[in-house]
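Hello,

Here is the structure for your files. Please open it beside this note; the findings follow below.

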Amino acid sequence: MTSAKKQTQVRLEEGVLAAGRAAAAARRLDFNKYVERLIIEDTTGARAAGMAAAQRLIDEHGTFLDDLEQQLDVPYADPQPGVAA
């Protein structure tokens, strides 16, 4: 049985490689699968569609989300005297 996948070599700066490995680990993907996904998302337009949807959400509901975040932060704004942080 042969694999349809082809092997390639990519040279990356050490910091870029470390960031890529960390991002892959955060997504519970091995580095190769992470890179494959990035390429597929970029070349199929999936990433652009996701970013456009996120921007629409922010444009339509950003003020509401900002207000909600501020309301949720109120109980933590001023620590109570005598209470350890």
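Which residues form a nonpolar patch on the surface? Leu57, Phe64, Leu65, Leu68 and Leu72 do, with about 480 Å² of accessible area together. Patch members have over 30% relative accessible area and no salt bridge, and nonpolar side chains (Val, Leu, Ile, Met, Phe, Trp, Tyr) are joined within 5 Å, like charges within 9 Å. A salt bridge is a Lys or Arg side-chain nitrogen within 4 Å of an Asp or Glu carboxyl oxygen. Areas are Shrake-Rupley values with a 1.4 Å probe, and for residues only the protein chains shown count as cover.

This is a predicted model: local features need pLDDT of at least 70, side-chain atom pairs count only at pLDDT 80 or more, and totals for chains, interfaces and linings use all residues. Numbering starts from 1 along each chain as its sequence is written, and side-chain values use heavy atoms, without hydrogens and water.

Leu68 sits in helix H3 (residues 46-77). Leu68 is partly exposed, at 33% relative accessible area. Buried means under 20%, exposed over 50%, partly exposed in between (1.4 Å probe, protein chains only).

The fold, briefly. The protein chain has three helices and zero strands. Helices (H or I, at least four residues) and strands (E, at least two) are DSSP runs, numbered from the N terminus. Of the 85 residues of the protein chain, 7% count as buried. The accessible surface of the protein chain is about 8100 Å², with 55% belonging to carbon and sulfur atoms.

Best wishes
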